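Biologist: I would like to learn how to read strand pairing and helix packing in a model. Could we go through them slowly, one feature at a time?

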Amino acid sequence: MQPQFNLNNENTKIKEKMKNVKHKIAVLSGKGGVGKTTVAVNLATALAESGYKVGLLDLDMHGPNIVRMLGEKNPSVDGEEIVPAEILPNLKALSIGMLVESGKAVIWRGPLKHSAIKQFLGDTKWGELDFLIFDLPPGTGDEALSLFQTLDDLDGVVMVTTPQKVALDDVRRAIDFVHSMNKKLIGIVENMSFVRCPKCGEKIEIFGSGGGRILAEEYNVELLGQIPLDPKAAKLADEGKPVTLYMRESEVEEEFRKIAEKVAKSVEVE
């Protein structure tokens, strides 16, 4: 059964709840399959481990993946409000994938997705947070549009790409969307930048090179990081173990922590 949504006084409730959130960051890409959720999950866990109070909201209604990547923990209900799943002592998360039966498709048109997003913002007990990270689906459709129109005080957008030109084409469209909605582009994350040869240590750029830097220079924003493609990281994601927590002192983990530091600095968190 699909969840039912109570939309009474939704805008007032959203404003009241969001007053307790200092900074709101969206993670977006114009292209599917670039590792956007991986970036959102590890950005959230890295910020939480740095001492910030963090929430992670999965707004990909049709392909919610943070459920698996965070260990399939479940939210609860307090009266008429949703209580997000506790991932770490200072990290909570919520996803439509936590509220519907596993494997069942969410077959919704735009208006119902818009209503669900408003409930996730207004009828969820987020509490006081330093950061609320939004994991958006790829592209410039209903979910991103609803979020951008609902939150006037979104701090900005972290844009994820891979190096190849076919990804850059779609990411440019997503950047144009961000600018047309008068939102700030915080910077570019280039995922799957290279594979490190396990025998000789050489970088192998299987998707080309320089794509993230090209975009950063083109739009005059920071290249926040270049994340290697590591088979171990993919295995850990399937097991619900974020690399920032389970690949200590690895090249991947270090890059995610640098990205988190730059994002925090970009919104002037003390």
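Biologist: Which residue in β7 is the bridge partner of A26?

Modeller: In this predicted model, the partner of A26 is F134, which lies in β7.

Biologist: Which residue in β7 does D58 stand opposite?

Modeller: D58 stands opposite D135. Strand β2 (residues 54–58) also pairs with β7 in the parallel sense, and five bridges link these two strands.

Biologist: Is strand β7 mostly covered or mostly exposed?

Modeller: Strand β7, which spans residues 129–135, is mostly covered, since seven of its seven residues are buried.

Biologist: How should I read two helices that pack together?

Modeller: Two packed helices are described by the angle between their axes and by the distance between those axes. Here, helix α4 (residues 110–122) packs against helix α5 (residues 142–150) at an angle of about 45 degrees, and their axes are 9 Å apart. Because of that angle, α4 is oblique to α5, and the crossing in which α4 passes α5 is right-handed.

Biologist: Which residues meet where α4 touches α5?

Modeller: From α4 come G110, K113, H114, I117, K118 and L121, and these meet D142, E143, S146, L147 and T150 of α5. Sorted by class, the contact between α4 and α5 holds three nonpolar residues, four polar residues and four charged residues.

Conventions:
Residues numbered from 1 in each chain as written. Predicted model: local features only at pLDDT ≥ 70, side-chain atom pairs only at ≥ 80, totals over all residues. Heavy atoms only, no water. Axes fitted to C-alpha atoms, helices over the stretch in contact; angles between N-to-C directions. Helix = DSSP H or I, 4+ residues; strand = E, 2+ residues; numbered from the N terminus. Parallel < 35°, antiparallel > 145°, perpendicular 65-115°, else oblique. Left-handed = near helix turned anticlockwise from the far one by under 90°. Contact = heavy atoms within 4.5 Å. Nonpolar A, V, L, I, M, F, W, Y, C, P; charged D, E, K, R; others polar. Buried < 20%, exposed > 50% of the residue type's maximum accessible area, 1.4 Å probe, protein only. Pairing = 2+ DSSP bridges.
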